[in-house]
There are 4 protein chains.
Amino acid sequence: MAPSVDKMLTGLIAATFTPFTREGEINLVEIGPYIDYLTEKQGVRNIFVNGTTGESMSLSVTERKILAEEWCQKAKGKMDQVIVHVGCMSLKDAQELTRHAAQIRADAIAVIAPSFFKPSNADVLKSFLKEVASVAPSLPFYYYHLPAITGVNVPAKDVLDGIEKLIPSFRGVKFSGSDLMDFGRCVSDSPPHWSVLYGVDEQLLAALAMGGHGAVGSTYNYVGCHVNKLISAFENGDLVQARTIQFKIQELLSYAMKLGFDLGVNKQLMSELSGLCLGPPRLPVMPCPPDHAQSIAWKYHSIFPEC
Amino acid sequence: MAPSVDKMLTGLIAATFTPFTREGEINLVEIGPYIDYLTEKQGVRNIFVNGTTGESMSLSVTERKILAEEWCQKAKGKMDQVIVHVGCMSLKDAQELTRHAAQIRADAIAVIAPSFFKPSNADVLKSFLKEVASVAPSLPFYYYHLPAITGVNVPAKDVLDGIEKLIPSFRGVKFSGSDLMDFGRCVSDSPPHWSVLYGVDEQLLAALAMGGHGAVGSTYNYVGCHVNKLISAFENGDLVQARTIQFKIQELLSYAMKLGFDLGVNKQLMSELSGLCLGPPRLPVMPCPPDHAQSIAWKYHSIFPEC
Amino acid sequence: MAPSVDKMLTGLIAATFTPFTREGEINLVEIGPYIDYLTEKQGVRNIFVNGTTGESMSLSVTERKILAEEWCQKAKGKMDQVIVHVGCMSLKDAQELTRHAAQIRADAIAVIAPSFFKPSNADVLKSFLKEVASVAPSLPFYYYHLPAITGVNVPAKDVLDGIEKLIPSFRGVKFSGSDLMDFGRCVSDSPPHWSVLYGVDEQLLAALAMGGHGAVGSTYNYVGCHVNKLISAFENGDLVQARTIQFKIQELLSYAMKLGFDLGVNKQLMSELSGLCLGPPRLPVMPCPPDHAQSIAWKYHSIFPEC
Amino acid sequence: MAPSVDKMLTGLIAATFTPFTREGEINLVEIGPYIDYLTEKQGVRNIFVNGTTGESMSLSVTERKILAEEWCQKAKGKMDQVIVHVGCMSLKDAQELTRHAAQIRADAIAVIAPSFFKPSNADVLKSFLKEVASVAPSLPFYYYHLPAITGVNVPAKDVLDGIEKLIPSFRGVKFSGSDLMDFGRCVSDSPPHWSVLYGVDEQLLAALAMGGHGAVGSTYNYVGCHVNKLISAFENGDLVQARTIQFKIQELLSYAMKLGFDLGVNKQLMSELSGLCLGPPRLPVMPCPPDHAQSIAWKYHSIFPEC
């Protein structure tokens, strides 16, 4: 059975953090409240779990399965879609995670390029993606493009060219790069049942102008409510208002970046802003220095006093 | 005397090619017709001369002076503004070119970061720019940000911070990079008499959405007429039309890039499309393989049959 | 019990390929003959298994355990030392592999820097390595330095500074980089019970001159017999002879690199030269185009007719 | 007239700093004493002037001519050879400097790859070098390979292949890179009248092992006396002694690098150690913070108390 095509993925998708206990073990009890926070406080109805923000590469295969299952279960009736990221260095592991995602009825999977042995061109990368997809042929499939971290500098457009012949369940791309010609060409040449989603939160407005269908990112965990307004303003033709919100987010994120905004700081910032107990990150991501996240949270409230 | 601030630099600015004879010497006779072509066929009313497109780094100081003078003279009454790029590796040479630009009454100068010895931070770069500007204190001054070629990865925003205290004649930036958070912050924090201009032609629409004031680029030599329509559509709130034009330009440029779109090919393409005799580039830029430019010109006409 | 320090790791260490069946599953039956080939034909008495050459990042944790166990068992009485590489993206997995390596009585383990989330400085990296080592505190531990692939550009010397306080079982480094000041400083400041091993086969002689204690690399699978002569010549003060052999290896490898010398080609070359059936690599490493390995093998025989 | 081939360039060549006055103008009066210092205190008999260390890219063409002339004149009867670097971004300027070098009877010229417009392959680079060399066909010509700064990642071996057909006066390469396979292949395939010189001072011993004929570098201005002993020890087969000296130099330079060892610091260090008044560097190279050079000089004396 081919995946239904009536469930387009659009709007905001939060790339979720993985909750840990203080001791560094995965912490399932926070997942329910996390989902409630996103839907109730941020107006976010889609999640991308076990991705980069979720520290998936620092998790064992078993941990990833347990987490994916919990996210899917707790999201039932609350989230529109749960996309489970199943990419990893090993094709074997990615296939095992894909089979599991199908079993737990994830709405879709996403796969990043393997980055230790780097595919040298689009054909190699597509061969890898195809082998992953083949073990769950009816599960909607997204390619996750993140060249700055993977070092795989293959244009996303070259990956998308002809991919539906290899992967009939292909449904789009999470494009986390700054080459907006490549992004624009993904948009302009995509069939109507694909979603071309943007993943560089600090310049989302640029991608919307270029025709992007939605956005996936870690900051939507806590600025989702504001970015929903940005998207509404954009859709209503009010570019001035959309830009005003985008500039506020840029002010926040550039402030954070000057302090050193890595995943450990980002995770702690989410704990500060949401009240959830997400715990520390796992090595090699370092825990946030105590005052960094507080300082950024303070900045957040000064920029967005209303929320 | 401070430069007048009533002459804002907006809209399209063509970064001009330097005409050479077949023997590789600068060829002044083409400059008059070149200006007429831009104003009459492309609707372009501003030029940026002796920049990257103009092969300035391959020119001697004397050649740059002769060219600057000819461009300014022939542009009189036809162009709104002529910006003369005076950046080079040597501060001494840049100062000499700046004094000359003032003498020939250029409308403004622009300076790129020196790229052999790379400034290690914004303060070093600003010290360099200040020393250049100081020899012509009333000449409007633009910083030319081109990190992919210079390797100087200092955010433009950090260069702009406090720069007007060092350079009272500072008037803006030609931002040729893909970091649109950096660009957005240049826009949002700029005083009204600065121009924040974008220089990555294939994604101009993104920069317009982010609030950019204009565009400088080499392709405006031959797609200027289309990009003027893109800008009009954008300003009229017709994003669909603006995007349609942007996508056409992306189709053209990605076609060209697959063939190998360096400055030599770009220059020959301009000769093909304009009928001007711009001659070959100078080493180390290689002449265009004969059929490349023709093939791209053919693509151009198939995408833009109307012009 | 602290690891014995009388078993210094010196001379040649072959980084072994992982044998696969034609269908792409691990193929244990080739491991015994592989060890015999190395000892009998190449004069190699140490192996580094499940490393980069062994495609460890493309293997599941279970596969890595099965392979490590087979290598250790078959090497008994034939090899001096088996170093099992246990590094991976996930600390959890690395710890599990480390415990297993202790159980199967590997002679030592080695750990590469995690490369998806890149440690930002030496302290972070050492924290990660310490957590891995802590689960098998008496197993000799080597740091595997491979900055060109991991993108972790922390000097090895900074990793080694003070590491024995964190990891009492620390015994040295596999240094696969071209910064020979960093390498030299590792050599000059190392205590006598550490081994500083070099991993860029094509310039081993340079590292020997700098005082290196041994060499780990993939090419020693098939040029080990020649490199043993290179090392002997070097130790006997016959630099001219050592250089002659090094130049031959450079001639071979630069020939291979012009053809495209990735891991898939390297693996097939080993099959050609050894007669072993190592099978194809696993995606995202691509199988060798049929004639490439043959062409390099032919070059090998023309350069080294005697062996 | 072809250049004589009996004057092989070997041993140490100091890449000289350019003396400036406090006001930042070139300062010719220090050049005579500089040469005496090198010959008398450092035992250095060859100089490479107007290179990277000499801040050539920050000098005007006129300044470079004046300096080259003064170096050649003052070196007469004292230095074996003066190599004048004439490379720059502009072919025109490089040709003018080459003609001038011939007029002032420089012993040789050297040319770096242009780095703003980067030659995309060895053929383009050789075309550029050929055009420079052609205006002084009997002047010995060296290619200056410095990929880390130029960003021109063409293997030196590919540049050398067939170059004597294009440039009959070709005599060798200053190889300032860490790829010692590329270096080794330059050595092994060079005719006897070429000099393959190494330019990464902190790992010279590695290049000597690989068969290098000499060394060009900035540190030989002040550690020349020690490196002469290193070379003697190496030539006498005393690798232990050679390595001891190399390790001392590595200790010094890594100490300097931790403090931030750019050209401004290096220049000031030379002033401290030699007593010469070399003045500040020119922007964009920043002057040395006052205590940095002193601190490194103190380290120098603690490592090398005897000199």
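Copies are superposed by least squares on the C-alpha atoms of residues with pLDDT of at least 70 in both. The model shown in these views is predicted.

**View 1. Chain D laid on chain B.** The same surface serves both copies, as 100% of the contact residues of chain D recur in chain B.

**View 2. Chain C superposed on chain D.** The rotation that superposes chain C on chain D is 180 degrees, with 0.0 Å of shift along its axis and an RMSD of 0.0 Å. The two copies are thus related as by a two-fold rotation axis. Of the residues of chain C, Ala206(C) comes closest to this axis, its C-alpha lying at 2.1 Å. Here too the same surface serves both copies, and 100% of the contact residues of chain C recur in chain D.

**View 3. Chain pairs without contact.** Chain B and chain C are joined by no contact, and their closest C-alpha atoms lie 18 Å apart. Chain A and chain D do not touch either, with 18 Å between their nearest C-alpha atoms.

**View 4. The barrel of chain D.** In chain D, eight strands close into a barrel with parallel pairing, in the order S1-S2-S3-S4-S5-S6-S7-S8. From one strand to the next the twist averages 25 degrees. Strand S4 (residues 108-112) and strand S5 (residues 141-145) of chain D pair in the parallel sense over four bridges. Val111(D) has Tyr143(D), in S5(D), as its bridge partner. Helix H8 (residues 180-188) of chain D packs on the sheet and touches S5, strand S6 (170-175) and strand S7 (195-198) of chain D. The direction of helix H8 makes about 155 degrees with that of S7(D).

**View 5. A stacked aromatic pair in chain B.** A search of the whole structure finds 36 aromatic pairs over all chains. In the pair of Phe175(B) and Tyr198(B), the ring centres are 6.3 Å apart and the planes lie at 20 degrees, so the pair is stacked, the cut-off for stacking being planes under 30 degrees apart. Phe175(B) belongs to strand S6 (residues 170-175) of chain B and Tyr198(B) to strand S7 (residues 195-198) of chain B, so the pair ties together parts that are 23 residues apart in sequence. Phe175(B) is buried, its relative accessible area being 0%. Tyr198(B) is also buried, with a relative accessible area of 1%.

**View 6. An edge-to-face aromatic pair in chain C.** Phe170(C) and Trp194(C) form an edge-to-face pair, with 4.8 Å from centre to centre and 70 degrees between the planes. Phe170(C) lies in strand S6 (residues 170-175) of chain C, whereas Trp194(C) lies in the loop between helix H8 (180-188) and strand S7 (195-198) of chain C. Phe170(C) counts as buried at 0% relative accessibility, and Trp194(C) is buried with a relative accessible area of 5%.

**View 7. An aromatic cluster and a charge over a ring in chain A.** One aromatic cluster is formed by Phe141(A), Phe170(A) and Trp194(A). The charged end of Lys174(A) sits over the ring of Phe48(A), at 4.5 Å from its centre.

**View 8. A charge over a ring in chain B.** Lys174(B) has its charged end over the ring of Phe48(B), 4.5 Å from the ring centre.

Methods:
Residues numbered from 1 in each chain as written. Chains lettered and ligands numbered in written order. Predicted model: local features only at pLDDT ≥ 70, side-chain atom pairs only at ≥ 80, totals over all residues. Heavy atoms only, no water. Phe/Tyr/Trp six-rings, centres within 6.5 Å; stacked < 30°, edge-to-face > 60°. Helix = DSSP H or I, 4+ residues; strand = E, 2+ residues; numbered from the N terminus. Buried < 20%, exposed > 50% of the residue type's maximum accessible area, 1.4 Å probe, protein only. Lys NZ or Arg CZ within 6 Å of the ring centre and 35° of its normal. Contact = heavy atoms within 4.5 Å. Pairing = 2+ DSSP bridges. Axes fitted to C-alpha atoms, helices over the stretch in contact; angles between N-to-C directions.
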